[in-house]
Amino acid sequence: MKQVRIGGQAVLEGIMMKGPASYSLAVRKADGEIAVEVTPYRSFCERKGLLRVPIVRGVINFVESLYIGIKTLMHSSEYVEDEEEEEEEEKKDGSVKEGEKPEKKPEKKLRSEKTEEEKAKEEKENRGYMIVTLLISLAFAIGLFVLLPSFLGGLLLKATDRQWVANLAEGVLRLVIFLAYVAIIAHVQEIKRTFMYHGAEHKTINCLEAGDDLTPENVLKHTRFHKRCGTSFVFIVMIISIIVFMFVHTDVMWLRLLSRILLIPVIAGLSYEVLQYAGRHENACSRIMSAPGLWVQRLTTKEPDLAMAEVAIRAVEEVIDVQEYLDCVRNHSFE
């Protein structure tokens, strides 16, 4: 068996896990059942032979991860909405007086009850919406974490002729905005639960990579921090952007903002390479690279419960032969 790097993402009341040939979505429904969807998937890099091209593979993986992330997040929200609608219908039905007939409404199938043909049609109809959502999300992130700090840094440049001071202040401000944003959303109840599922995702991957049997009890014994986390990627992006932008000098505001946008793919590609190195090596250099991201994960992950660990395990089991993987870890027999 080839050694693969399992990755994932927390969604609403569930977890997405991405394996070598597919990704799964496991969601805990209100009745306690775990609904699971598995989607075959092959990276564009793998199909076009770009896996060996540094920087480029990072940009493509970044875009693909965003697309899959938003797609699975939207699907998980459908399960939650279905459950809420059912509860609302039950409340309404219970409030009808004796002798009165409740208003008959067309039944709405849960996503888990739909046929493959219906799911395919629904997915095709939602694809455009997902692309628009992706673009809006990117625009928001670029505006808040890239353009706003750059604009404020440009204003500071008018007060001082030292480009490096303005660029350094821009980078520090970018970090402050990011950390403040994470700290604020961490107080939202729904986000708290998502951060708990995020912790379950990390613990399950750590348990798998340590060669321990995937049981909820074993999963909870492991750390909720992981070097390949998306949070670490974002933080590495922040650090590398400070370094790259230190070499970009311009006094014109619109050129300053444009340069930040044009350099985003380069920074994302470089950050991917740094994250991959840190995740595949265990030395002083990789530990230094990973330390800031692991620290930020104290904000973006929370300790999960056994039920959340069960969801994470189910998601992993759908994308990889767990027993074969564990055997290879224990025997050090990966190809």
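## Getting to know R224 and its surroundings

Leaving out residues up to four places away in sequence, R224 touches G199, H202, K203, Q297, R298, T301, K302 and E303, where touching, or contact, means heavy atoms within 4.5 Å. You're looking at a predicted model, in which local features need pLDDT of at least 70 and side-chain atom pairs count only at pLDDT 80 or more, while totals for chains, interfaces and linings use all residues. Residues are numbered from 1 along each chain as its sequence is written, and side-chain values use heavy atoms, with hydrogens and water left out.

### Exercise 1: The whole chain

Find out how many helices and strands the chain has, and what share of its residues is buried.

*Step 1.* Count the elements: the chain has 12 helices and 4 strands. These are DSSP runs numbered from the N terminus (helices are H or I, at least four residues; strands are E, at least two).

*Step 2.* Now look at burial. Out of 335 residues, 41% count as buried. Buried means under 20% relative accessible area, exposed over 50%, and partly exposed in between (1.4 Å probe, protein chains only).

*Step 3.* Turn to the contacts with a separation of 6 or more: 70% of them come from residues 24 or more positions apart.

### Exercise 2: R224 and its partners

Where does R224 sit, and which side chains does R224 join through polar contacts?

*Step 1.* R224 is in the loop between helix 6 (216-221) and helix 7 (230-245).

*Step 2.* Check accessibility. R224 has a relative accessible area of 15%, so it counts as buried.

*Step 3.* Go through the side-chain partners. R224 is joined to T301 by a polar contact of 2.8 Å, and to E303 by one of 3.3 Å. A polar contact is a pair of N or O atoms within 3.5 Å; within protein, one must be able to donate a hydrogen and the other to accept it, and residues adjacent in sequence count only if both atoms are side-chain atoms.

*Step 4.* Compare sequence with space. R224 and Q297 are 73 residues apart in sequence, with their C-alpha atoms 8.4 Å apart.

### Exercise 3: Helix 5 against helix 11

At what angle do helix 5 and helix 11 cross, and which residues meet there?

*Step 1.* The axes of helix 5 and helix 11 (residues 306-317) come within 9 Å and cross at roughly 55 degrees. Axes are lines fitted to C-alpha atoms, for helices over the stretch in contact, and angles run from 0 to 180 degrees between N-to-C directions.

*Step 2.* Helix 5 and helix 11 are therefore oblique to each other. Under 35 degrees is roughly parallel, over 145 roughly antiparallel, 65 to 115 roughly perpendicular, and the rest oblique.

*Step 3.* From the helix 5 side come R193, M196, Y197, A200, E201, T204 and L208, which meet M308, A309, V311, A312, I313 and V316 of helix 11. Sorted by class, this contact has 10 nonpolar, 1 polar and 2 charged residues. Ala, Val, Leu, Ile, Met, Phe, Trp, Tyr, Cys and Pro count as nonpolar, Asp, Glu, Lys and Arg as charged, and the others, Gly among them, as polar.

### Exercise 4: Helix 9 and its glycine

How do helix 9 and helix 10 cross, and which residues does G269 contact?

*Step 1.* Helix 9 (residues 264-280) and helix 10 (residues 284-300) have axes that come within 8 Å and cross at roughly 125 degrees. That angle makes helix 9 oblique to helix 10.

*Step 2.* V274, Y277 and A278 of helix 9 meet C285, S286, M289 and S290 of helix 10. The contact residues divide into 5 nonpolar, 2 polar and no charged.

*Step 3.* G269 is in helix 9 and, at 0% relative accessibility, counts as buried. Apart from neighbours within four places in sequence, G269 is in contact with I55, G58 and V59.
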